[in-house]
Amino acid sequence: MSKIEVSLQTALGGFALDAVFTAPSRGITALFGPSGSGKTSVLRCVAGLVRAPRGKVCIDGECWQDESRRHFVPAHRRAIGYVFQEASLFAHLSVRDNLEYGLNRTPAKERRIEFGQAVEWLGLKALLPRGSQHLSGGERQRVAIARALLSSPRLLLLDEPLSGLDDAAKADIVPYLERLHRELSIPALYVSHAAEEVARLCDYMVLMENGAVRAHGALGAMLTRLDLPLARSDTASAVIDATVVERDDAFQLTYLEFNGGRLAAIGDTAPMGAKARFRVHARDVSVALVRPERTSAQNVLAAQIEEIAEDAPGRVVVRLRVGDTILLARITRKSASDLGLKNGMPVYAQIKSVALLR
Amino acid sequence: MSEADWLAVWLTIKLAAVTTAVLLLVGTPIAWWIARTRSWLKQPVAAFVALPLVLPPTVLGFYLLLFLGPNGPGGWLTQTLALGTLPFTFAGLVIGSVIYSLPFVVQPIYNAFEAVGERPLEVAATLRASPWNRFFTVALPLARPGLLTATVLGFAHTVGEFGVVLMIGGAIPGKTKVLSVAIYDHVEALEYVHAHALSAGMVVFAFLVLLVLFMINRRWEPLR
């Protein structure tokens, strides 16, 4: 029963929404898709801000909406935390009063997050006495996130919380989100159209297109499915979740292990035993039939070809299985033909650079 | 100034204070409804509330007199409730003033609610605030500049009225004879010194009111 079930059908001014998916009620689930694909509409329906005429929204078996029995719980009775695209702090309240707004309305026995905890997590101590008018964009969004957490939600809803921020403010917030992801057991739906953000923060993905769910599944699988647009975009990439096992200070390298092998990454300061996520771009991976000797690439992994698809004229993308992990390699069609690549063939994946995400 | 003039000043202030209180209680829900409704009645109701802006006060006063008089439906109601008839009483003045000044109170509050918009209320809903709670803890505080403007305008406009009061209240000293009517009476009796004293006072009062109003608007600009 530990899952989020969503089924929504509505027509809003010429825009038809028909979104059906289930997602695990653990970790962060991305609602991913281009602008206008209906992501925010889904989020608003899940929050109860909008009532879809036909719909069902349940989390771990508790239904907030089930139109088959005309059941609808209004937003203020749902244990949700909603972070809007613009921070939308209450202008008439101080930062502290903003944070306490939801907290004070949460029954004592439902409170799972303490004031001090949220303040510490999001680094807000110095901001507490300030008026909400006098904060930077990044600070405002951090307050909004803490405010949502303090109403002790069972489900956190984030509507492109980074999209209104400049790069510096984004870089400021992402570590806080990652920390919440690691340390907090609250599941979240995270609306985004930025693949980079999703690769970094999310575990599961619901891909939306034109008001419908095109596909949903674990992040690693979704990023590398050749029948979906993600694996065919210029920034196509796979993610590897690994653990830090060794440091080489002389060469400033960190070694990480995952179930498909061992990787070296440059200049990482993560502590020993820490979980780390990599994003490996398809364009940085090449394929060899024999284990390459004397190559500049540090990372060579034994792999098996699962699928090959043409993604642009003269170019193919190859799906590689490395242990339980899937990687993508983008090579020319000529290389694929010269090497006689076929499904099921054992090969070596050579990774030129490894981008550490966390 | 004579004792009768002071009586008129006091009556005017009392009338304006009571009227303003009633106006805020009545005008705020009306402004809220107009700002939030999607009903087709929105425009008709807004136009009806704005009527006193364009109608001559004598027209309002005339119809109120008929409505509240012994043969009007309002008069029938007050008589049935053993309240007597309201024309030429203080209560009658309050009713006339409330209707006359309604647009001056509803408009700024409506503008303020519009400026607040939907979002802060949605945020409050996601933070477990019930609809009533959202109104009192988010909508009203955020609309404060509009409420202040409405209070000042409602008070000042009631102090300045003449036509409605004359039609429905007459000029009973201490009961319905307000400042503007007292000035009129002085001028008619060629008592220019008395008329000057009251009129100059009104000019100063009006200037101060508008000054306060503009200062309120400046003070709250950052909230918008």
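Which residue in the turn of the hairpin formed by β5(A) and β6(A) has a positive phi? The residue is Arg70(A), with a phi of about 50 degrees. The model discussed here is predicted.

## Strand β5 and its partners in chain A

Strand β5 of chain A covers residues 62-66. Four of its five residues are buried, so the strand is largely enclosed by the rest of the structure. Strands β4(A) and β6(A) both pair with β5(A).

Strand β4 of chain A spans residues 54-59. Four bridges join β4(A) to β5(A), and the two run antiparallel. Within this pairing, Cys58(A) stands opposite Cys63(A) of β5(A). The two strands form a hairpin with two residues between them. Asp60(A) sits in that turn and has a positive phi of about 50 degrees.

Strand β6 of chain A consists of residues 71-72. Two bridges tie β5(A) to β6(A), again in an antiparallel arrangement. Here Asp66(A) faces His71(A) of β6(A). This hairpin leaves four residues between its strands.

## Positive phi in two loops of chain A

Most residues other than glycine have a negative phi. Arg70(A) has a positive one, near 50 degrees, and is not a glycine. Its place is the loop between β5 and β6 of chain A. Arg70(A) has 73% relative accessibility; the cut-off for exposed is over 50%, so Arg70(A) counts as exposed.

Glu160(A) also has a positive phi, of about 40 degrees, although it is not a glycine. Glu160(A) lies in the loop between β8 (155-159) and α5 of chain A. Is Glu160(A) buried or exposed? Glu160(A) is buried, at a relative accessible area of 9%. The buried class takes values under 20%, so Glu160(A) belongs in it.

## Leu177 in helix α5 of chain A

Helix α5 of chain A runs over residues 167-183 and holds Leu177(A). Leu177(A) counts as buried because its relative accessibility is 6%, and buried means under 20%.

Which residues does Leu177(A) contact, leaving aside neighbours within four places in sequence? They are Ile145(A), Leu162(A), Tyr190(A) and Leu201(A). Pro313(A) is 136 residues from Leu177(A) in sequence. In space, the C-alpha atoms of Leu177(A) and Pro313(A) are 39 Å apart.

## The interface of chains A and B

Chain A brings 24 residues to the contact, and chain B brings 20 residues. The size of an interface is often given as the accessible area lost when the parts come together. Between chain A and chain B, the buried area is about 1900 Å². Carbon and sulfur atoms give 59% of that area. His76(A), His92(A) and Arg105(A) supply 32% of the area that chain A buries against chain B, more than any other three residues.

How many salt bridges does the rule find across the interface of chain A and chain B? It finds three. Glu86(A) forms a salt bridge with Arg119(B), with the closest N and O atoms 2.8 Å apart. On the side of chain A that touches chain B, the elements giving two or more residues are β7 (80-83), α2 (95-104) and α4 (137-149). The residues of that side divide into eleven nonpolar, eight polar and five charged.

## Chain B as a whole

Chain B has eleven helices and zero strands. Its C-alpha trace spans about 65 × 45 × 30 Å along the principal axes. Of its 224 residues, 44% count as buried. Take the contacts in chain B between residues at least 6 apart in sequence: 72% join residues at least 24 apart.

Thr19(B) lies in helix α1 of chain B, residues 3-36. Thr20(B) has its place in helix α1 of chain B too. Thr19(B) is buried, with a relative accessible area of 0%. Thr20(B) counts as buried at 6% relative accessibility.

Thr20(B) touches Thr151(B), Gly154(B) and Phe155(B).

How values were computed:
Residues are numbered from 1 along each chain as its sequence is written. Chains are lettered from A and ligands numbered from 1 in the order in which they are written. This is a predicted model: local features need pLDDT of at least 70, side-chain atom pairs count only at pLDDT 80 or more; totals for chains, interfaces and linings use all residues. Side-chain values use heavy atoms; hydrogens and water are left out. Buried means under 20% relative accessible area, exposed over 50%, partly exposed in between (1.4 Å probe, protein chains only). Two strands pair if DSSP finds at least two bridges between them. Contact means heavy atoms within 4.5 Å. Buried area is the accessible area (1.4 Å probe) that two parts lose on being put together, summed over both. A salt bridge is a side-chain nitrogen of Lys or Arg within 4 Å of a carboxyl oxygen of Asp or Glu. Ala, Val, Leu, Ile, Met, Phe, Trp, Tyr, Cys and Pro count as nonpolar, Asp, Glu, Lys and Arg as charged, and the others, Gly among them, as polar.
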